[in-house]
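This report describes the fold of one protein chain.

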Amino acid sequence: MTEKPFYAETVQLFAHVRDHAFEPLAALCDDDFGIVDINAEGGTLVVRNRAEWEAWFRGLFAQLDQLQAQTWSEITNYEAVQTAEMGYCVVDFDQFLVTPDGKRLRFSALSTIIWKRVGDAWKEARYHSSLL
């Protein structure tokens, strides 16, 4: 899997979320077309612009920090297509959440990420995630 396009960037994206690292995540993501993500209740969250994106991740990270929650993602399947300027990947992954009071959650998700070339780097231009 590690030789497929955007794999390293996708792992980095998930690591920034795991670490609640807003600034590095913000630098990796342009989200030109917004995101569709999974909200804390397991429903769908539609984010259409950068201000909403920032509010979502700042709020999510604050909530996870308040819970002292550990989160991480384990990729279970990965496919990608790349051209010179754009590409996409489809990522199956298991998301984990553990809190100090013993709460443990695991759910499977599927995400499609659109990547675009910006200078010498790749940035996320669109993210869409669904629960499986």
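## Basis and overall dimensions

Contact here means heavy atoms within 4.5 Å. On that basis, residues 24 or more positions apart account for 53% of the contacts in the protein chain with a separation of 6 or more. The model is predicted, so local features need pLDDT of at least 70 and side-chain atom pairs count only at pLDDT 80 or more, while totals for chains, interfaces and linings use all residues. Residues are numbered from 1 along each chain as its sequence is written, and side-chain values use heavy atoms, with hydrogens and water left out.

The radius of gyration, taken over C-alpha atoms, is compared with a globule rule of 2.2 Å times the number of residues to the power 0.38. For 132 residues a compact globule would have a value near 14 Å, and the protein chain agrees with this at 14 Å. Along the principal axes, its C-alpha atoms fill a box of roughly 45 × 30 × 25 Å.

Accessible areas come from the Shrake-Rupley method with a 1.4 Å probe, and for residues only the protein chains shown count as cover. The accessible surface of the protein chain is about 7400 Å², with 52% belonging to carbon and sulfur atoms. Residues are classed as buried (under 20% relative accessible area), exposed (over 50%) or partly exposed in between, with a 1.4 Å probe and protein chains only. Of the 132 residues in the protein chain, 42% are buried.

## Secondary structure and sheet

Helices (H or I, at least four residues) and strands (E, at least two) are DSSP runs, numbered from the N terminus. The protein chain has three helices and six strands, in the sequence pattern α-α-β-β-α-β-β-β-β.

Two strands pair if DSSP finds at least two bridges between them. The six strands form an open sheet with mixed pairing, in the order β2-β1-β6-β5-β4-β3. β2 and β3 (70-82) are the edge strands; each has a single partner, so one side of each has no neighbour in the sheet. From one strand to the next, the twist averages 30°.

## Strand β1 and its partners

Strand β1 (residues 35-38) has Ile35 and Asp37 pointing one way and Val36 and Ile38 the other, and all are buried. With strand β2 (residues 44-47), β1 pairs in the antiparallel sense over four bridges; Ile35 has Val47 as its bridge partner in β2. The two strands form a hairpin with five residues between them, and Gly42 in the turn has a positive phi of about 90°.

β1 runs parallel to strand β6 (residues 121-131), to which two bridges join it. In this pairing, the bridge partner of Val36 is His128 of β6.

β3 and β4 run antiparallel and are joined by twelve bridges. Ser73 stands opposite Gln95 in β4.

Axes are lines fitted to C-alpha atoms, for helices over the stretch in contact, and angles run from 0 to 180 degrees between N-to-C directions. Helix α1 (residues 7-18) lies across β3, β4, β5 and β6, at about 160° to β3. Helix α3 (residues 50-67) packs on the sheet and touches β1, β2, β3 and β4, its direction making about 20° with that of β1.

## Thr99

Thr99 lies in the loop between β4 (86-98) and β5 (104-118). Its relative accessibility is 8%, so Thr99 counts as buried. Leaving aside neighbours within four places in sequence, Thr99 is in contact with Leu67, Gln68 and Ala69.

A polar contact is a pair of N or O atoms within 3.5 Å; within protein, one must be able to donate a hydrogen and the other to accept it, and residues adjacent in sequence count only if both atoms are side-chain atoms. The side chain of Thr99 makes such a contact with the side chain of Asp101 (2.3 Å).
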